[in-house]
Every structure is written in C-alpha cells, then in structure tokens.
Amino acid sequence: MNPSTITVVPHKIIKPPVGWQAINLREVWRFRELLYFFAWRDIKVRYRQTVLGAAWAILQPLFTMILFSVIFGSFAKLPSEGIPYPVFTYAALLPWQLFATALNSASNSLISNQNLISKVYFPRLIVPFSSILAGLVDFGIAFIVLLGLMAYYRLIPTLAVLALPLLLILAVATALAVGLWLSALNVRYRDIRYVVPFLTQFWMYATPVAYSVSIVPEKWRWLYSLNPMTGVVEGFRWALLGRASLDLPYILFSTAIVFILLVNGLFYFKRMEATFADLI
Amino acid sequence: MSDIAIRVEHLSKQYRLGQQAAPYETFREALIATASAPIRWLRGERQEKNTFWALDDVSFDIKHGEAVGIIGRNGAGKSTLLKILSSITAPTRGRVELFGRVGSLLEVGTGFHPELTGRENIFLNGAILGMSRAEITRKFDEIVDFAEVEQFLDTPVKFYSSGMYVRLAFAVAAHLEPEILVVDEVLAVGDIQFQKKCLGKMDDVAHQGRTVLFVSHNLGSIAQLCLQSIWLHHGKIMSIGNTQEILTKYVDSLDSSSGYPDISFSEDPKKEVQLRRARLLNTNESVKDKYQCDEPIIIDLEILVRKTVPALYGYLEVCRLDGTKVMVSDSCDITPNHMDNLKTGDHTIQITIPPRTLAAGQYSIYLNFSSIAGQKFNVDSPGTILRFSLDDMTSQRGNSRAGFFSALLEWKVTPSQKNE
C-alpha cells in the first residue's frame, strides 16, 4: 500500500451478545440514506400499477368520513360539539389513519423484508422506522383535503395549529412504541400478524374518532384518557377546529406512558435483533 | 497498520435443530409451553436439547489482500461463517476482529424490487449494500456499462430476462469498494460469459489489495481466484493453506466418503427440478469409475421435474483435481436444448464423452442446472458430484503422456514434390 495515503481502517469486533444491548442510534444515523431509500421504495411500489395512484391516500379517509357522517352524524346523530360532523370526524381520521397504517406496517415490516434480513446487514431498526415514514406521505396528501373542507365550512384555525407537529410526533411515537414490540414478536410468533388488524379495530373504538369524548361517562374519563391516541385525536380537533374536551394532565400522562413503552420497545427490539436472521 | 484483515478466534455457532425448517412457534404453543413448564419441572422432565453446532471452535487469520476460498460440503458451516462475518447473525461463542469495512454478497439481487426500474433498483440495491447515494451516482455509468442494460434502465426489472437481472445485480455489488469482500456462491447463476467477467472483477478486487472471502461449490473458480483456502467439515476446520493442496485433499475425501461414481440424492420437494441420481456408465450400462481412454464415458443423470421450468438448461464441467477446467458442456450447446420446458415427471439424461478425448488422469464433474427465467424457480445445483479416473493403456506413451487430451493424431507422411 502506498505509504503516503494514511487511511483510517474501521475496526470492528463481533462477539456473542450478552444480555441487554445498548441502542446504537449513531449507527442508525449512519444508515439514514437507507432509511430514506426504504421509505422511497415503499411509496413508489405502493401506488405503482394502480389506476388511481396517490389518490388512494385521499380516497380512503374521504370515504370513511362519508360513511361516518351518514351513520354516526345523520342516523345516530352523535354530538359533534357544534362543528359540522364531516370536518369533526375527518380531523380525527387523519391522525388515526396515520397511526393505524404506521402501526400495521411497522408490525409487519420485519416479516415483509425477511429476505433482506437474512442476507444483508444493516441496523434492523431502519426497517420499522422507514415503514412509518412512508405513512407520513399519505398523511400529507390527505391533509390537503382537510384544508379544503375547512375552507368550505369557513373554519379558520387559531394559533393552536402550531401544536400539530407535536401531536403528530406523539401519534408516530405511539405507533412506533407498539410497532417495535409487535414487529420483534412477529418474527418469533406469526400470530401477531392476525392480532394487528383486530387490535387497530378495537383501538379505534376506544379512541374518539367517530364520536366526541363528551359522550364518555365522566367517571370513566380518566381511564379513557390514558389512551395516547385520545390525546392525539382530541388534540387535532383542538388545534384545527379550536374545540375539544380533554385535559392537559391526561395528555402528559399518556405521553409519559408512550415514552416508557418506546424506550423499552427499543431495548426489546435490540435484544431480539441478533436472533432475527436465525428465526425469520 | 496491522496486516491482518480478519481474525477469527474460537468461533462457534449453535442452532436449535429444526430452527430453519420450522422457524417460528405459534403464540399458543409458547403459552402452553410456559404454562405447563412448572408441571413438567415437577415431573422431572427437562427440556430436551435439540441443538447442533453449525460452527465449532473455528480459528484463523486472513491477511490484507488475500483471496481465500472456503470449501466444504453442504452443511459444513460455510454460509454460517459468512453470515457471522457480515454481522447478519451473531456467534454463540468466540470472536471476530475485522480490520476494514465489510461488504457482503450472499445472494445476487438482494432487495431488488420487481416493480422498480433498473435505474431505481441500482440506487436501492446500492444503498442496501452500504453505498452512499453520492457513491452510487458516481459509479452509476460504470455499473450500467458493466451490466450491459442501458436500453432497459427505465423498465421495471420484473420484465427483465433472468440474465439481465443477474447482470445488473452483480454489477451493483461488484462496484462496492469495501476493504473486505465476502461472497457466497453467487456465480452459480448467469451465463458463462458473464461469470467469467465477474470472476475477473473479483480478481481485480483482490489485486487492489483488498481481501476476498469466497465460497463456491465450483472448485475451478476457487482454484482460479484463491491462493489460500479453508476447508470446513461439520463446522470444524479440516485443513487450511494452499488451495491446490487443499483441493486435492478435499476431492480425495469426497471419493472415500460418498458413492462416486454412483450417487443418489434424497427427495427435496421444495426443488422444482431435482437430480435424483448421477452415475458414470460404460457402454454396457454398468457403473464404473475407472475408464480406459479408448472407451466412451457416459454421464447418466436421473432428474425429477416437479414443475415445468422455462428455458431449463444443464451445465457441466470436467475438472482436474487441481480445479483446472478441462471441458465444459451446456445443454444449450447444440440446438434444440432438450431440457427446455421439460414435462413434469422423471427423465434420464445421458451425456457421452467420446473415446480419446481426455488425457489420462483423475477428474471430477461439476454439475449445475439453471434456468434463463432464473430466480423464480428453485432448480437443483448439485455441484461437484462425480469423479473418475482415466488410464491410457494402448498408446505408446500411455499414462506418462503430458497434456490435457488423449486424441491420437496421425503423422501423415507423403513424399514431397521436391523429390521429383
């Protein structure tokens, strides 16, 4: 080798993993381009060979909104706190669908990339992370429709709208916290694949997407508010439409739960990581 | 800088038996097992340990700039070793020290997405293999050149022929520039022309002072590329050192341990085309492993086709024990290729090496089936499976004749015109 070129040779030691592993976020950062490429692949592939393409990102929440407006708004006449029911439910459907898609794709992400996992090395955390990124693009597209709806009903958002990014982070963090656990468990127990749709459906009814928190009996309100998605959904209504019934302490408490779940989800994932290639 | 590139110390990897066959238990089973554990414990039943060591106390050093071949039979631990070196799976015991970036190529086209175009897949696959976007952009033209797919860059790869697919996939991988390159049996696919090109590329890599670790069933490629080799057997190192010496020992061991020149294979329902039995016959259809140069050698193959595979073809190499390829034959050599779209069921294939073709000596036969339609089909690639020896008893020089051929050439003498 030419002595004038001094190259820093990366040095790596491979040893059997013992116990809990440190979470090497610096390595994930080093692979950030792969994160982007995976998300880019998921988005490109999702709508390729579809006739309507990205319009699906709008159609899904739009039709759900219409369905909810007819059944819960017109037939059941659920209260919507003085806001036109379509906007009331659409503002909740947006973060909900982001969450549900993210949770679903994160949970199945390792399995759907099993070929890669058994043949190439990269920090496995990239996989659930990127699957969530792809969902954010759909969210962005569907958000435009919300702006249109709000303009139609002459609803002008207040400064509270600045809280949206925080609520978005909370929704994504919740999906990631649960998704990390489920994706790692899914490698070992394929039952998880069947649990996820059931879980999201159940979770949706436990979240005020189609109805308002005000119809929940007062004495159960505290329990109900522990669901972080209640905070997110009501938070969205508050930030965009200026009306909601929720208490800040509950949101903070559920945020803390999400944070705890996220951290131990990361550690659990990291612990199981070494066995993914053998089990998948 | 130390001149060691890879240091492996007491490396061991344990698998649970059946872990690969039935990789996941169901949640219910796990629940039942957990719930009944105390009862079983009270009864004094202990969990039976169905484990085996895929790698067992393996140690070696590889220097920078060395190309090292890894040989061994199926299940010897070759792939497990490469997976540990590439950080895909963790060892159970021991340690590995790597001095340099590792690039691994355990499968051609990992991460290729059929719906994406050639251009898009170059970027995706490059990123998966650890290249940065800037690096891929810089090498993009070179990759496209190498793969010879310019016209189809914007076509989804699902429309590619398998040849194009493999070329593109290998081209991306070949432009990785790690200090340590780990390659597993990727040259079994693709046409011979391209295989040669790839081998040449890997040779360049080794000559640039980078380290190459190469697994192949094709002993000829190993002999061509690697000066040093490691022979693994049941997870342990049998021998390590000069490739020529190791290949000779390895082929010798195959001789004593398996049914050369008659070998049968157990059923593998996962394979769409499978070799059931391979034999070496003489003209009386009896099995033989010692031939005279004056008689034909008949390679008799029984294959089972479970599913019709388009553009199926067979490929064989006759090699000397040092790995030198003496002769290559392909079922596509003479049109029509009779293996193309072979109907389901059992078939017998006979390939005859005419008398007085090969020189006296010892030979092994490497066999491979493949399909132009490529990776969509699971086609058997048996590898080096047969061995025979040839004696030349009738010609003047007999077995002492040097060279690769035994054709006896006539020395025709006629009086010259000048005499007139």
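Over all chains, the structure holds 27 salt bridges, a salt bridge being a side-chain nitrogen of Lys or Arg within 4 Å of a carboxyl oxygen of Asp or Glu. This is a predicted model, in which local features need pLDDT of at least 70 and side-chain atom pairs count only at pLDDT 80 or more, while totals for chains, interfaces and linings use all residues. Residues are numbered from 1 along each chain as its sequence is written, chains are lettered from A and ligands numbered from 1 in the order in which they are written, and side-chain values use heavy atoms, with hydrogens and water left out.

One of the salt bridges joins B:Glu9 to B:Arg95, with the closest N and O atoms 3.3 Å apart. B:Glu9 lies in strand β1 of chain B and B:Arg95 in strand β4 of chain B, so the pair ties together parts that are 86 residues apart in sequence. Helices (H or I, at least four residues) and strands (E, at least two) are DSSP runs, numbered from the N terminus. B:Glu9 is partly exposed at 31% relative accessible area, and B:Arg95 is partly exposed at 27%. Buried means under 20% relative accessible area, exposed over 50%, and partly exposed in between (1.4 Å probe, protein chains only).

B:Lys139 takes part in a salt bridge with B:Glu135, the closest N and O atoms being 3.3 Å apart. Both residues lie in helix α4 of chain B, 4 residues apart, about one turn of the helix, and both are buried. B:Lys139 also meets B:Glu177 in a salt bridge (3.6 Å, N to O). B:Glu177 is in the loop between α5 and β6 (180-184) of chain B, so this pair ties together parts that are 38 residues apart in sequence. B:Glu177 counts as partly exposed at 44% relative accessibility. Elsewhere in chain B, salt bridges link B:Asp294, B:Arg356, B:Asp392 and B:Arg401 in a network.

Between chain B and chain A there are 3 salt bridges. In one of them, B:Glu120 pairs with A:Lys44, the closest N and O atoms being 2.5 Å apart. The contact takes 49 residues from chain B and 39 residues from chain A, where contact means heavy atoms within 4.5 Å.

B:Glu120 belongs to the buried residues of α3(B). Of the 11 residues of this helix, 10 are buried, so it is largely enclosed by the rest of the structure. These buried residues pack against α2 (32-47) and α5 of chain A, together with α4 (133-147) and α5 (162-174) of chain B. Just after α3(B), B:Gly130 takes a positive phi of about 105°.

The largest nonpolar core has 142 residues, and A:Leu146 and B:Ile122 are among those that touch the most other members. Helix α4 (residues 85-112) of chain A gives the most to this core, with 17 residues. A nonpolar core is a set of buried Ala, Val, Leu, Ile, Met, Phe, Trp, Tyr and Cys residues joined through side-chain atoms within 4.5 Å. Leaving aside neighbours within four places in sequence, A:Leu146 is in contact with A:Val87, A:Tyr90, A:Ala91, A:Leu94 and A:Leu240.
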